[in-house]
Structures are given as structure tokens and as C-alpha cells.
Amino acid sequence: MPEGDTVYRAAKNLDEILRGQLLTKTDFRVPAFATVDLAGQRVDDVVSRGKHLLHHIGDLTLHTHLKMEGSWHRYQHGTKWRRPAYQARVVLETADWVTVGFDLGIVELVPRDADDSVVGYLGPDLLGPDWDAGVALANLSRDPAREIGLALLDQREMAGLGNVYRNELCFLRGVLPTRPVGEVPDLPRMIALGHRLIHANKDRVERTTTGTLRGATDWVYGRAGKPCLRCGTRIKRGELGESELELRDTYWCPRCQT
């Protein structure tokens with residue numbers, strides 16, 4: 001599932017060409033909204049909220065979520081799509097551009113004043129104007145027995161971090177993903193580091209947590225069996241999730257993290 005910085009860039013790229021533009025044609029390829037036609041409506045803006053995308057169109061909000069396979073593309077008219085047409089779920093056209101949402105995990109239209117009905121449950125957005133480190137700290141601290149690796153992925157606590165940042169933050173702060181939140185030293189510093197890392201990567205496609213864009217861009221993520229970049233110990237891999245259906249890969253250095 002994309003990290004919050006990926007969704008932020010998607011919103012920024014869409015907003016760049018759609019803001020203030022009139023839609024000339026729309027095509028919702030999901031049963032619930034197949035008959036909806038928003039042609040003639042103006043796009044006020046496109047914004048991200050955590051890992052969610054919100055198109056504000058007239059008096060409606062188009063709420064989409066990429067989930068695992070989704071993506072938004074933008075094309076000039078007549079340009080061949082880079083993904084097959086059968087994967088398209090939403091097509092929005094203006095006089096100059098065609099934007100296509102492929103394999104979107106969520107597509108829904110709600111009244112413009114009901115944004116909270118779809119994203120109101122999210123914690124403070126690491127990349128949003130509502131970011132509040134104090135609220136994030138209070139949220140994460142509510143259950144001190146919960147594994148930090150689970151808490152960091154819970155979008156209700158703070159919105160935007162995905163599995164890459166979860167693993168990298170735990171490494172950089174020297175804690176195992178399975179360590180209880182209440183035993184994480186200096187939790188505010190971990191939150192501040194997450195905020196700093198995602199902001200550093202929000203405007204570039206190539207994400208890095210090591211500070212380099214060549215070679216190893218991650219300390220532990222995806223590096224199972226490879227030597228730790230700090231101490232040379234082999235990186236371990238495991239799984240962690242709220243349930244069997246939500247297990248996600250974890251990576252850690254058994255020497256640098258405790």
C-alpha cells in the first residue's frame with residue numbers, strides 16, 4: 001500500500017492540472033456511480049488526507065483510495081494509457097487533460113460538506129495542515145502495551161505512514177517493531193523523525209531514509225538476509241499485523257534494535 005508521500009504527490013500532480021477546470025466528460029466505472037455525470041462541474045482542488053485522495057467537484061467530493069494496486073495517471077488527449085483500459089475505475093476529462101484512476105480500492109461520492117464521513121476518523125496528517133505532534137503522541141500512547149509496529153501503521157493514530165516508514169523508523173530509533181509502545185524511549189522523538197522523513201521525501205519519486213539516492217536507500221526494509229548498513233549483522237524478516245489477514249513484513253537488525 002502506498003505511503004502517504006506517494007499519495008501526496010498524486011494529489012499535487014492532479015491538482016496542478018485540474019484545479020479550477022471544468023470537467024468536459026466523466027466516466028465512473030463502478031456500479032454504484034455508473035450513471036453519474038459530472039460534466040460541466042468545476043474542480044475546486046484535489047488534496048490528500050493521509051493515504052486518501054479527495055477531489056472537490058462542485059458540491060460533491062470524490063473520495064478514492066489506492067489500496068495495494070491503485071494509481072492515478074494524467075494524460076493529454078490522444079495519448080496512449082500506460083495501463084489497460086479494463087483497470088480504469090474513474091476517468092475525468094477537461095479540455096486539455098484526461099486523468100484516470102486505475103484499480104482504485106475505494107471510489108465513492110459524498111456531499112462536499114461530508115468529508116468527515118470518509119476521512120474524519122484519521123489521526124493528524126503528517127503531511128497536512130492539521131499536523132499536531134501532541135495529538136499524535138496522545139493517540140499513540142493510549143495503549144502502552146501495543147506493539148509500536150502496529151501503532152505506527154494505524155492511521156487513526158497519525159495518518160500517512162506505511163510499511164516502509166514503519167520499519168525504517170524502528171531501525172533508526174533502535175527498537176524492534178514488536179516492542180510495546182510504553183517501552184519505546186523518547187516516543188516524541190520517533191514521531192518527530194517520522195514527520196521529518198516523510199516531508200523530506202514528499203516531492204521526489206525516489207524515497208530514501210539513508211540519505212542517498214544511489215545504492216541502498218533503505219536501512220532495513222526489503223533487505224532480509226543482507227548485512228546491516230551499520231554493523232554488518234544479517235537483517236531479519238518477520239510478519240506483524242492486527243490479524244492474519246493484515247500481516248505485513250517487518251525487517252530489523254538483531255544487533256542495532258532491541
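1. Overall size first. Along the principal axes, the C-alpha atoms fill a box of roughly 60 × 35 × 30 Å.

2. A word on what you're looking at. This is a predicted model, where local features need pLDDT of at least 70 and side-chain atom pairs count only at pLDDT 80 or more, while totals for chains, interfaces and linings use all residues. Residues are numbered from 1 along each chain as its sequence is written, and side-chain values use heavy atoms, with hydrogens and water left out.

3. Fold and packing. The protein chain has six helices and ten strands; these are DSSP runs numbered from the N terminus (helices H or I, at least four residues; strands E, at least two). Buried residues account for 51% of the 258, where buried means under 20% relative accessible area, exposed over 50% and partly exposed in between (1.4 Å probe, protein chains only). Take the contacts (heavy atoms within 4.5 Å) between residues at least 6 apart in sequence: 59% of them join residues at least 24 apart.

4. UniProt, in an unreviewed entry, puts "domain: Formamidopyrimidine-DNA glycosylase catalytic" at residues 2-128. UniProt positions follow the numbering used here, feature names are shortened, and annotations may be inferred rather than shown by experiment. In the model, that span is 15% helix and 37% strand, and its end C-alpha atoms lie 17 Å apart.

5. Tyrosine 121. You'll find tyrosine 121 in the loop between helix 2 (116-119) and helix 3 (133-140). Its relative accessible area is 47%, so it counts as partly exposed. Leaving out residues up to four places away in sequence, tyrosine 121 touches His52 and Arg156. With histidine 52 there is a side-chain polar contact of 3.3 Å. (A polar contact is a pair of N or O atoms within 3.5 Å; within protein, one must be able to donate a hydrogen and the other to accept it, and residues adjacent in sequence count only if both atoms are side-chain atoms.)

6. Asparagine 139. This residue lies in helix 3 and is buried, with a relative accessible area of 12%. Its side chain reaches the backbone oxygen of glutamate 157 at 2.9 Å. Beyond residues up to four places away in sequence, asparagine 139 touches Gly123, Pro124, Arg156 and Glu157.

7. Two positive phi values to check. Lysine 67 isn't a glycine, yet has a positive phi of about 50 degrees; look for it in the loop between strand 4 (60-65) and strand 5 (71-76). Aspartate 103, also not a glycine, has phi near 45 degrees, and lies in the loop between strand 7 (97-102) and strand 8 (106-111). Lysine 67 is partly exposed at 34% relative accessible area, and aspartate 103 is partly exposed at 22%.

8. Cysteines. The structure holds zero disulfides, a disulfide being a pair of cysteine sulfur atoms within 2.5 Å. For cysteine 231, the closest cysteine sulfur is in cysteine 253, at 3.5 Å, too far for a bond. The closest cysteine sulfur to that of cysteine 256 is also in cysteine 253, at 3.6 Å, again too far for a bond. Cysteine 231 counts as partly exposed at 26% relative accessibility, as does cysteine 256 at 22%.
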